Amino acid sequence: MSKKENVKKIKKYIDEVLNTTSSLSAKRPLKQDKLKQLFCTALNELSFVNARAVGMKHDFDVDFTEYDDPFFKIISSLFKLYFTDKQRSMINWWLYDKFLPSGDVLILNDNETHEEIPNENPEDIWDLIQELKKKDEKKNSD
């Protein structure tokens, strides 16, 4: 059964139970959801480009640094417009420092609780940045 047919079936049940005519509409994505999706796409693509450059240097001794550098500078400048120093440090850590050349992966721990902070994917980094943002806003309002 298709999604459209399921929606019609649900609408019919609602109409029968409530004895009225109803309408259903898809949930509109929130602005925050759109921003998160854009952020995650950007981080995934940056990670891919960086890994590709490292792989090309390692495997074929081809250095894309000079070619890629202007693009990374532009992206870094755009990040400066939107993110704080602390937030950019978190992004840069995830992109460039988390994965070591040896293949080891660094773990991020909370300084106060010493618990591991999830940072497996861009969604985790987005959530962490939002937490940092809330802490900064709270600190600035006090």
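About 290 Å³ of space lies in the second largest pocket of this predicted model, where a pocket is an open set of points on a 1 Å grid over the protein atoms alone, reached by a 1.4 Å probe, with protein on both sides within 12 Å along at least five of seven lines, and where a volume is the space filled by probe spheres set on points joined across faces, edges and corners. Its lining, meaning residues with an atom within 4 Å of a point, comprises 15 residues, of which Asn-50, Val-54, Leu-95, Tyr-96 and Phe-99 lie nearest the centre. Helix H2 (31-60) and H4 are the elements that give two or more residues to this lining, helices being DSSP runs of H or I, at least four residues, numbered from the N terminus.

Before I go on, a word on the source: residues are numbered from 1 along each chain as its sequence is written, and side-chain values use heavy atoms, with hydrogens and water left out. Because this is a predicted model, local features need pLDDT of at least 70 and side-chain atom pairs count only at pLDDT 80 or more, whereas totals for chains, interfaces and linings use all residues.

The largest pocket has a volume of about 520 Å³, and among its 19 lining residues Asp-110, Ile-117, Leu-128, Leu-132 and Lys-135 lie nearest its centre. Helix H5 (122-141) gives the largest share of that lining, eight residues, and helix H4 (85-97) also supplies at least two.

Let me turn to the helix packing. Helix H3 (residues 65-82) and H4 pack at an angle of about 145°, with their axes 10 Å apart; the axes are lines fitted to C-alpha atoms over the stretch in contact, and the angle runs from 0 to 180 degrees between N-to-C directions. In this contact, that is, heavy atoms within 4.5 Å, Phe-72, Phe-79, Lys-80 and Tyr-82 of H3 meet Gln-87, Arg-88, Ile-91 and Tyr-96 of H4.

Asp-68, Phe-72 and Phe-79 are the buried residues of H3, buried being under 20% relative accessible area, exposed over 50% and partly exposed in between, with a 1.4 Å probe and protein chains only. These buried residues pack against H2 and H4.

Finally, Val-62 sits in the loop between H2 and H3, and it counts as partly exposed because its relative accessibility is 33%. Leaving aside neighbours within four places in sequence, Val-62 is in contact with Ala-53, Met-56 and Lys-57.
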